[in-house]
Amino acid sequence: MQMSHAALLLTVSALTVALNGCASATDDDDPTAAPEASPAPTCHKDSLPTLTPGQLTLATKPFAFNPWYINNQPENGQGFESAVAYAVADRLGYDPADVRWIRTEFADAIAPGEKPFDLNLSEVTITDERRQAVDFSSGYYDASHAFLSITDSPAAAITTLDELRDVRLGARMGTTNYQTAVRLSGDQPATAYETDEAGRAALRNGDIDVLVLDLRTAFSTQLEMPGSIIVGQLEPEPGNAEQYGIVLKKDSPLTDCVSEAVDELGDNGDLFRLQKEWLAGPGVAPFLP
């Protein structure tokens with residue numbers, strides 16, 4: 001029996017569709033077929049555009065003091081900021097072996113421009129002015145200002161903020177500690193020092209009566225400087241507490257992920273635990289009215 005040309009074409013087309021359908025079903029059901037790889041999480045080292053792929057470059061000051069870094073060795077994971085740095089790195093998928101540390105001057109860390117680090121933890125207070133030049137993560141520590149003196153100095157008996165106007169104040173230049181010293185100084189202008197070490201030397205030598213530091217650094221300095229005393233601290237303004245933040249280059253693609261990691265550490269209580277572990281200082285520092 002002869003088949004018309006039109007019927008033959010329809011038969012061939014039907015067979016083609018059937019074969020294609022069978023082939024598709026066979027491919028889908030093949031247990032040896034490799035599954036499609038799931039994309040890496042956005043906030044994971046496999047997706048983060050760090051300076052060196054797969055590595056996180058961290059930075060701190062040329063000399064890192066206790067209790068922020070123990071024995072000036074940020075890589076040992078000891079000290080509050082070192083511990084926070086490694087906790088953030090872990091949240092982002094970096095093992096300790098994936099972390100590299102460098103040193104930068106404080107002024108370079110907050111200056112505009114490219115950075116030789118991915119993240120910098122150097123007790124840097126978040127301010128609107130600094131945000132013009134760099135990015136900050138969410139705050140990982142609420143800072144307060146403290147006033148350090150020498151026990152045999154007349155300043156050791158200070159009990160009010162007004163009394164600070166009658167003594168010589170000093171602090172490291174470019175810091176909010178120095179801004180506080182300028183604001184609270186009286187007839188004698190506050191003295192700026194390039195480093196905290198220079199400020200400590202000035203206090204020991206009697207060049208100033210009070211050195212303005214953040215509270216936790218004041219505690220550690222008190223331990224390291226025999227005869228020193230914390231006369232008090234500045235009460236934070238309600239709703240306006242100063243915070244330390246991790247520094248990143250301006251518009252860094254890492255900022256949101258780092259902030260997310262810091263927020264998670266705060267929400268689950270890790271930041272509080274690390275503060276209790278590393279920032280428990282001796283003595284008391286009363287608020288100066």
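Biologist: Hi! Is Arg168 buried, partly exposed or exposed?

Modeller: Hello! This is a predicted model, and in it Arg168 counts as partly exposed because its relative accessibility is 28%.

Biologist: Which residue does Arg168 form a salt bridge with?

Modeller: That would be Asp209, and the closest N and O atoms of the pair are 2.9 Å apart. Arg168 sits in the loop between strand S5 (145-150) and strand S6 (169-172), while Asp209 is in the loop between helix H6 (196-205) and strand S8 (210-214), so the bridge ties together parts that are 41 residues apart in sequence.

Biologist: Nice. And Asp209, buried or exposed?

Modeller: Asp209 counts as buried, because its relative accessibility is 14% and the cut-off for buried is under 20%.

Biologist: How many salt bridges does the structure hold?

Modeller: Nine. Among them is one between Arg273 and Asp270, with the closest N and O atoms 3.9 Å apart.

Biologist: Where do Arg273 and Asp270 lie?

Modeller: Both are in helix H9 (residues 270-278), three residues apart, which is about one turn of the helix.

Biologist: How exposed is Arg273, with its relative accessible area?

Modeller: Arg273 is partly exposed, with a relative accessible area of 44%.

Biologist: Changing topic to surface charge. Which residues gather in a patch of negative charge?

Modeller: Asp256, Glu260, Asp263 and Asp267 do, on the surface. Asp267 is found in helix H8 (residues 255-267), and Asp267 counts as exposed because its relative accessibility is 70%.

Biologist: Which backbone nitrogen lies 3.0 Å from a polar atom of the Ser259 side chain?

Modeller: The one of Ser138.

Biologist: Now the backbone geometry. Where is there a cis peptide bond?

Modeller: Between Asn66 and Pro67, with omega at about 0°. Pro67 is found in the loop between strand S1 (56-60) and helix H2 (80-91).

Biologist: OK, what is the phi of Glu123?

Modeller: Glu123 has a positive phi of about 50°, although it is not a glycine. Glu123 lies in the loop between strand S3 (119-120) and helix H4 (128-131), and at 10% relative accessibility Glu123 counts as buried.

Biologist: And what is the phi of Asp251?

Modeller: Also positive, at about 60°, and Asp251 is not a glycine either. You'll find Asp251 in the loop between strand S10 (242-249) and H8.

Biologist: Is Asp251 buried or exposed?

Modeller: Asp251 is exposed, because its relative accessible area is 62%.

Biologist: Great, thanks!

Key
Residues are numbered from 1 along each chain as its sequence is written. This is a predicted model: local features need pLDDT of at least 70, side-chain atom pairs count only at pLDDT 80 or more; totals for chains, interfaces and linings use all residues. Side-chain values use heavy atoms; hydrogens and water are left out. Patches are made of residues with over 30% relative accessible area and no salt bridge: like charges are joined within 9 Å, nonpolar side chains (Val, Leu, Ile, Met, Phe, Trp, Tyr) within 5 Å. Accessible areas come from the Shrake-Rupley method with a 1.4 Å probe; for residues, only the protein chains shown count as cover. A salt bridge is a side-chain nitrogen of Lys or Arg within 4 Å of a carboxyl oxygen of Asp or Glu. Lys and Arg count as positive and Asp and Glu as negative; His and the chain ends are not counted. The place of a charge is taken as NZ of Lys, CZ of Arg, CG of Asp or CD of Glu. Helices (H or I, at least four residues) and strands (E, at least two) are DSSP runs, numbered from the N terminus. Buried means under 20% relative accessible area, exposed over 50%, partly exposed in between (1.4 Å probe, protein chains only). A polar contact is a pair of N or O atoms within 3.5 Å; within protein, one must be able to donate a hydrogen and the other to accept it, and residues adjacent in sequence count only if both atoms are side-chain atoms.
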